[in-house]
Amino acid sequence: MSSPEYWTKPWPSSSADIPPPSESAPAAVAARPTAEQVIAGLRATSEGGPDLVQLLTPEGERVTHPHFDLDIPPEGLRDLYRDMVLVRRADRECNALQRQGQLGIWVPLLGQEAAQIGAGRAMRPADMAFPSYREHGVAWCRGIDPTELLGIFRGTDHGTWDPLEKRFHPYTIVIGNQVLNATGYAMGQRLDGKVGDGQQDDAEATIVFFGDGATSQGDVNEAFVWGAVYDAPVVFFCQNNQWAISEPMERQSRIPLYQRANGFGFPGIRVDGNDVLATLAVTRWALEECRSGNGPILIEAFTYRMDAHTTSDDPTRYRLSDELEAWKLKDPIERVRVHLVRSQFADAEFFAQVDAESDALAERLRAYCVDMPTPPPERIFSQVYAEGSPPLDRQRDEFLTYLSDFDHSGGAH
Amino acid sequence: MAETRSRTTAQGPDANTSRPARPDAGGAAATAGGSAGATQKITIAKALNLGLRAAMERDPKVLLLGEDIGKLGGVFRITDGLQKDFGEQRVMDTPLAESGIIGTAIGLAIRGYRPVCEIQFDGFIFPGFDQIVSQLAKLHFRTQGRVKVPVVIRVPFGGGIGAVEHHSESPESYFAHTAGLKVVACGNPVDAYWMIQQAIASDDPILFFEPKRRYQEKAELDTSATPGPLHASRVLQEGSDATVVCYGPMVRTCTDAVRVAAEDGHRLELIDLRSLSPLDLAPVFESVRRTGRLIVVSEAPGESSIAAEIASQVQQECFYSLEAPVLRVTGFDTPYPPAKLEEEFLPDLDRVLDAVERSLRW
């Protein structure tokens, strides 16, 4: 697919909305919109704006796009639907497990299933993903069972999967750190000759996930600079879920996020993040561009966090319920279900089967969670260093000896 | 005694010229690729350059990243000529952002490379601090060894060069305090040559501190010798009256102090720590048990520092052997002063000798 041209257009939405400057004001000052005007402009894009790539409307109607389209069979649609239902069910179960005290905290993905499944299913096995901490749907696509996420939130480990085998980096909790790490990894892919003419079978790309709040971080901006300067094959995948805990978009940016890419010298695209087909099509295209040597690319998946930032915050304190109600009408799963039904691509038996499968997953998750053993105390000292540390070894030995004294005396510890 | 001495640094033999290299006890880099057998008198700066070159010749996965390290050869010329010989892909002039340098180096390491980052000056490492302590230090532990991040971060550190603010700091204790990192400091050309290669060969992330005001000091280097292990302190001078422990730029200062003290009849034992994390304190304990006295010397502010850690551990291990309290000679607990005052701030020959006198008089 040729590179779309429209990302180089100036931001089209706001100029007509902004009142002309007062005649008495100096021109340079008057040309700059007020904060209120900017916020008004950003809110005007709450529907995604004219540049939003969409292939499936909230009403479940299939539409086309001049640059991005997707030839997907009914079976493929059913698979995407199944993915989204299962990760939502896993997410809801984990949310409940936190409420019942089985998990210390949970980071909900509710509402962002399409963004994550679309992006995750766009990847090839050799591609590498760097998540933040909410990418349960991408983890699912990388073959990581939801049970493997539990230890992070129950406090038994920091992630149990092999990042190099699964091609899925550990969750990163410090905001934005992983965007630089991913860019460095992508630089390595290029140095290894894995980026080429698009015909290579062993071509690779990297995709890194972060939120709208992370775009304010220095690390993310530095990653944009590095990605551009070194032509790194990295897709910067920003899930704009509209809220960074309690801070709205207008606390992060005066322009739509995807347009920031222009300033760094690479394409930025806004996709309907609640549309799994559009997200799949755009991400598939972006990864292929990277594998072909045309990266980096910024994708802004325009979506909405339907639940809290984590189970520790209370969204009713900082956002209005009508906003939530409006976004419920754009639910990423419901529109696929409607499309499947209308198109007669799926019958009641299929939906019942997916529901049964999600019930079984939730049951398995719950059983696994409550039975998870606490690791032995040696874990504290385990693998701190690749080549060991004699003082740390002594500290471990002394502590284990101390603990063993309790065992000998028959006391509990 | 101290009042009568000149404040100028005494001239004396270099710290390492008269002692043989220890036999290898498991050091990762056993030989110097491409330049074996040559004995030459070179500076610390040149030794680092040769060490980097040897590491790059030995392993094609070794990459250098940093600001101005390519065509310019680095602000101290440590990487001089390396881009010309190894190309822009292996000696990368980076954009100007320390978090970017370290954060991308972590990604390159995950991919299988062995990046060596140059931070131009000690005070500029703090924009990269988050990546170092949040990611670099913890990835091996977080993944239980599945992900290795063999990144070396070279930091020219310490004062004494008349520089402006942020160019003369000693931040090593921040990193020694962070589990998952290893921290070393070279004090002479022989160590500079071998330790940089051993650090690059290590699978652990290593903060490599270089004494910038000693860059031009020379010593004989035999590149065919076999180096000792990286994380081992070393007795530079044997003595029986008191023990002096130091590292990095203070190695030269303390070597001079030991020599001058000898003229007054005091036989001091001098130990170069070399590795700041992990600390190899067994030779220090052994020494203090014989001498009964310890003076720890460091440019860094003393509070909550490596010097403080050594004092604490020595009193814990050698309590019944001590004839005097452990004394610290350090920078003050202040921001680094303007250059015209750094002579007062930095531990010098007189302050070290004054501490020796106080310890011996106890």
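Mentor: Gladly! Let us begin with helix packing: an axis is a line fitted to C-alpha atoms, for helices over the stretch in contact, and angles run from 0 to 180 degrees between N-to-C directions. Keep in mind as we go that this is a predicted model.

Trainee: At what angle do helix 3 and helix 4 of chain A pack, and how far apart are their axes?

Mentor: Helix 3 of chain A, residues 74-99, meets helix 4 of chain A at about 125°, and the axes are 10 Å apart. An angle from 65 to 115 degrees would count as roughly perpendicular and one over 145 as roughly antiparallel, so these two helices are oblique to each other. Their crossing is right-handed.

Trainee: Which residues make that contact?

Mentor: Helix 3 of chain A contributes Leu80(A), Asp83(A), Met84(A), Val87(A) and Arg88(A), while helix 4 of chain A brings Glu113(A), Ala114(A), Ile117(A) and Arg121(A). Sorted by class, the contact of these two helices has five nonpolar, four charged and no polar residues.

Trainee: How do helix 3 and helix 4 of chain B lie relative to each other?

Mentor: Helix 3 of chain B (residues 98-110) and helix 4 of chain B (residues 129-136) cross at roughly 25°, and their axes come within 8 Å. Angles under 35 degrees count as roughly parallel, and therefore that is how this pair is described. Ser99(B), Ile102(B), Gly103(B) and Ile106(B) of helix 3 of chain B touch Gln131(B), Ile132(B), Gln135(B) and Leu136(B) of helix 4 of chain B. This contact has four nonpolar, four polar and no charged residues.

Trainee: Now for sheets. What is the strand order in the open sheet of chain B?

Mentor: The general idea is that strands of a sheet pair through backbone hydrogen bonds, either parallel or antiparallel. In chain B, an open sheet of five strands has the order 9-11-10-13-14, with mixed pairing. Strand 9 (234-237) and strand 14 (327-331) of chain B are the edge strands, each pairing on one side only. On average, neighbouring strands of this sheet are turned by 25° against each other, direction ignored.

Trainee: How many bridges join strand 10 to strand 13 of chain B, and what packs on the sheet?

Mentor: Strand 10 (residues 242-246) and strand 13 (residues 294-301) of chain B run parallel and are joined by three bridges. Val245(B) stands opposite Val296(B) of strand 13. Helix 8 of chain B, residues 250-263, packs on the sheet and touches strands 9, 10, 11 and 13 of chain B. The direction of helix 8 makes about 170° with that of strand 11 of chain B.

Terms used: Residues numbered from 1 in each chain as written. Chains lettered and ligands numbered in written order. Predicted model: local features only at pLDDT ≥ 70, side-chain atom pairs only at ≥ 80, totals over all residues. Heavy atoms only, no water. Helix = DSSP H or I, 4+ residues; strand = E, 2+ residues; numbered from the N terminus. Left-handed = near helix turned anticlockwise from the far one by under 90°. Contact = heavy atoms within 4.5 Å. Nonpolar A, V, L, I, M, F, W, Y, C, P; charged D, E, K, R; others polar. Pairing = 2+ DSSP bridges.
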